[in-house]
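The notes follow in the order in which I made them.

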Amino acid sequence: MVNRGSEWGRWDLHVHTKGTAKNDGYTNISFDEYCSHLFKRAIDYNIKVIGITDYFNIENYKLVKTYQDNIENNNDFSDDEKEIIKKIKLMPNIELRTTPSTDKGSLINVHLIIDPKHVKEYEEQFSRKLVFTYSNSSEYSLCKLDLIRLGKAAEDNDQLDEKSAIRAGVSNFILNPSELIKAFKELPNFRSRCIVGVSNSNKDGASSFQGHEKFLNESENSSIRMLRESIYNLADVIFSANEKDIDFFNGKSGSFPDKYGECKPCIHGSDAHSLEKLFNPDLNRFCWIKAEPTFEGLKQILYEPATRVHIGPNKPETKLDYEVIERVRINDINIGNEVIYLNPNLNTIVGGRSSGKSTLIQCIAHKITPKSLENIEANSHIPELSKSINIIWQDGKDDDTRAIEYFYQGHMYSKSQEEGVESIIESILLQSNPDAFEDSRNRVADLKQVNASKLSNYFTNKEKVDQINDRVRNIGNREDIEEQIKKLSQSINLSNTGSLTSEDIEEHELKKAKLKKLEKDLEQIVITKTQIDSFETEKFFNTVNPFIDNLCYEHFSEILESKLVSIQDYARAQIINFKEDATVALEKVRIQTVDSQNSIVKEDIFISREKYLKEADLITPLLNQKEAESQKLQSILVCEQDITAIENESKQLLIEVRNNWQEMNNEPLELIKQISILEDSNLEVTPKSSFENIKFSDFIKKCLNLQSDKAQSYTVIKTSTAYDLLQVFDEIILSIRDNSVRLKAGFTEEGFVKEFFTNIWFRLSYDVIYEGDNYNVMSQGKKAFVVLKLSLECSNKSCPIIIDQPEDDLDNRAIYTELVTYIKEKKAHRQIILVTHNANVVVNADSEQIIIANQNGAKNLNKNNKKFEYKFGSIESSLKSDLPDAFTLESKTIKEHICEILEGGDTAFKLREKKYDI
């Protein structure tokens, strides 16, 4: 049997028939022709339930029901159409005209929608309690015979036929609402077998009776107010498609629930009095009801007036076909079901211990996402058992690659303990803005790499400086060398050198060095002149006859040989000219060189200085020593220039490292600008940048010797900005260098600096506030609920959610006040499959499909002794077997199983239904 629980379907509970007592517009057709049109159009419009309506009687309902019951013998329909017609549910809707009248003088219409199973009870008992006194004399009830009597009396014609008499009786019958109230008191059981509806139109409804907008007007006549209150109190449902009415009676505006203690659902029908109007309400305001097409299904709108009924052109809560699991097909000898159907909304699985409820969803989860069970201690048979199932989606495809979200038993508690709420928020934010986080991570990674490289260069430079300083130390101290040069200069100046100063001596030494060079130049001129003199033609080139072996040589030998002689003669002449010219040029250079020598040696100052210096050989060692010291000083100056260049480069590197580090650690602030966070009336998530104080403390403890109070003080640093932390770092470095703080053995300043500047010490964190409480101070149960809410509410996923016993993680109070409310809201947007042992989750979350799990046992027998068997259906399902030997699942309705299996099941149903007095 295909049973997906409570499903949305089009219901039209206000359809008049051919022969209706008032305003019959079905002209020129027979009743059978009307019925044919009715059902054909119901098939076209996919109508699930029809309320066959007439004034004060159900005779036409019975005629339509008879037509439907005999549909197999009707040749107007195909076999497929007949099967559809059999499934259409008919309900009698008795339209009563009641006092008081509206402002316009019309009687107010009150409807009685009767449970079809109790039609006989209405006819034989309840109708006789609804009485009307005609002409202040005779009293008539709504039973068929009394309507006939009333009709004949009103027409003053005892010969009227039955049909005409009933019509006349209906036209004259006026019911006082007090008669209905009285009848319900006398027959209290019948109150649960009918639903009272009140029209709220401005023509024949309660709104025209001074209008519900004036409902709280205290200046109103008390008798009018009491009449209105009695009408609204009497009603279970309101016939209205007006959006303001819907909001008002559902408690979304005004104070209606405060006055009456309950909301009331609004329903609508076509109010068809002609073929054109059949299932065609004005403005396409169709009535959609989420329930089994039964009277018990209709009653569910009384318990859930805001979520079980919808008036509009389209079915509500539509989900994408590929995001709804339609059924699970099973092929396992241990399981009694070949298929289990699921509802697009909330599916709850209940059962006793080891009944197979968690096994079912674990198999589904493992089939689609095997990794989803890695975090739990799943039974070893799950992987094997999951091979026997197929997941069929609403689009008809068998596909185990589509997405689901699986929350294993204890999931929320585990996540709140292990991961913390912040990682959950970040995983959610990644869904909506993955590029922001990826770009941020890439930026940080690049900056870390750049900083690591720059710091390596920085400390390499530091080593270079140390090496140069070692070289300088080996050369000597600059100040000492400069002082020594000064002393040597003074000693030279005080030597027996007449008036010669050290500068004069240096000048003289330069001239002597020049003379030495000129002497060498003259020697080179002599050597070169000798080489030129000995230069011969044969040394320059060798004329070899290349054709001497050529066979044709004899033909041009004379010509070639004569030419070669001419070439040799020319070459000799040129060589002679070269020697002459070169000799002249060298002689000119020699003369110039000699003149240069003479200009120095014949100079009076040179001669006098040379004389003095020859007499003062004592200063020569001083001069040599001064020269050596001067060379040392020059080397030191070059080293100092190198150090300055390297240190300038290092300063720039360190500036860039510090800037990069601040950019890295300010990255959370940049992310905050790019992300959007959920904020609703109850849950507020605010991003912020937080200092990783524990991480920094561990870093300090790892690197520093904590024997000093100063070192220990750095382990409890608290700061809010990267700039402030950088000041702390600078203070630590100074303390390390002045030995007020020491590094642990094995740690170096280089390692300390590199680790500091290649790490992020600030992270993106979130303040989570739910119902005014900060997440960090919530109870564990409330934290678990916030994890659930964040995981679902902030997520942009719309795939099915599978949850195993969420109530295990929550406080008892949170189950009813928060979890139930939240599931009711979320199921409209995503399919939920949920295992639970809490009756409130099933009943008060209004589960559309309940799956009862049973393990075969001596007291809980399954069909064919299958180990596991499942029964599924809606809360309102009345299917069960009355046979004394019925198997466990067949022997009770879904509701009875819930009350038996789940602790507090009876209480949950009473809590759901108590405000309706039904």
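**Sheet.** I began with a bridge: isoleucine 769 has asparagine 774 in E19 as its bridge partner. I noted that the model is predicted, that local features need pLDDT of at least 70 and side-chain atom pairs pLDDT 80 or more, while totals for chains, interfaces and linings use all residues. Residues are numbered from 1 along each chain as its sequence is written, and side-chain values use heavy atoms, with hydrogens and water left out.

I took helices (H or I, at least four residues) and strands (E, at least two) as DSSP runs, numbered from the N terminus. Two strands pair if DSSP finds at least two bridges between them. On that basis, strand E18 (residues 762–770) pairs with E19 in the antiparallel sense over two bridges. I then asked in which order the strands form the open sheet. The order is E17-E18-E19, with antiparallel pairing. Strand E17 (683–691) and strand E19 (773–774) are at the edges; each has a single partner strand, so one side of each lacks a neighbour in the sheet.

**Helix H22.** I looked up burial next, where buried means under 20% relative accessible area, exposed over 50%, and partly exposed in between (1.4 Å probe, protein chains only). In helix H22 (residues 667–674), I found Glu667, Pro668 and Leu671 buried. They span an arc of only 95 degrees around the axis and therefore lie on the same side of H22; the arc is that of the directions from the helix axis to the C-beta atoms. I recalled that an α-helix has 3.6 residues a turn, so residues three or four places apart point the same way. Against what do the buried residues of H22 pack? Their partners are helix H15 (434–475), helix H21 (620–665), E17 and E18.

**Threonine 17.** I located threonine 17 in the loop between strand E1 (8–16) and H1. Threonine 17 is buried, at 0% relative accessible area. Beyond its neighbours within four places in sequence, its contacts (heavy atoms within 4.5 Å) include Asp24, Tyr26, Phe31 and Asn60.

**Aromatic rings.** I counted rings of Phe, Tyr and Trp (its six-membered ring) as paired if their centres lie within 6.5 Å, with planes under 30 degrees apart stacked, over 60 edge-to-face and the rest tilted. The structure holds 30 such aromatic pairs. Tyrosine 45 and phenylalanine 279 form a tilted one, at 6.4 Å centre to centre and 55 degrees between the planes. Tyrosine 45 is in the loop between helix H1 (31–44) and strand E2 (47–55), and phenylalanine 279 in the loop between strand E9 (266–267) and strand E10 (286–290), so the pair ties together parts 234 residues apart in sequence. Tyrosine 45 is partly exposed at 27%, and phenylalanine 279 is buried at 0%. I also noted one aromatic cluster whose members include Trp661, Phe691, Phe729 and Trp761.

**Charges over rings.** My criterion was NZ of Lys or CZ of Arg within 6 Å of the ring centre and within 35 degrees of the ring normal. Arginine 191 has its charged end over the ring of phenylalanine 184, 4.7 Å from the centre. Lysine 783 lies over the face of tyrosine 775, 5.3 Å from the ring centre.

**Cysteines.** How many disulfides (pairs of cysteine sulfur atoms within 2.5 Å) are there? The count is zero. I recorded cysteine 552 as partly exposed at 42% relative accessibility and cysteine 639 as buried at 4%.

Key
A disulfide is a pair of cysteine sulfur atoms within 2.5 Å.
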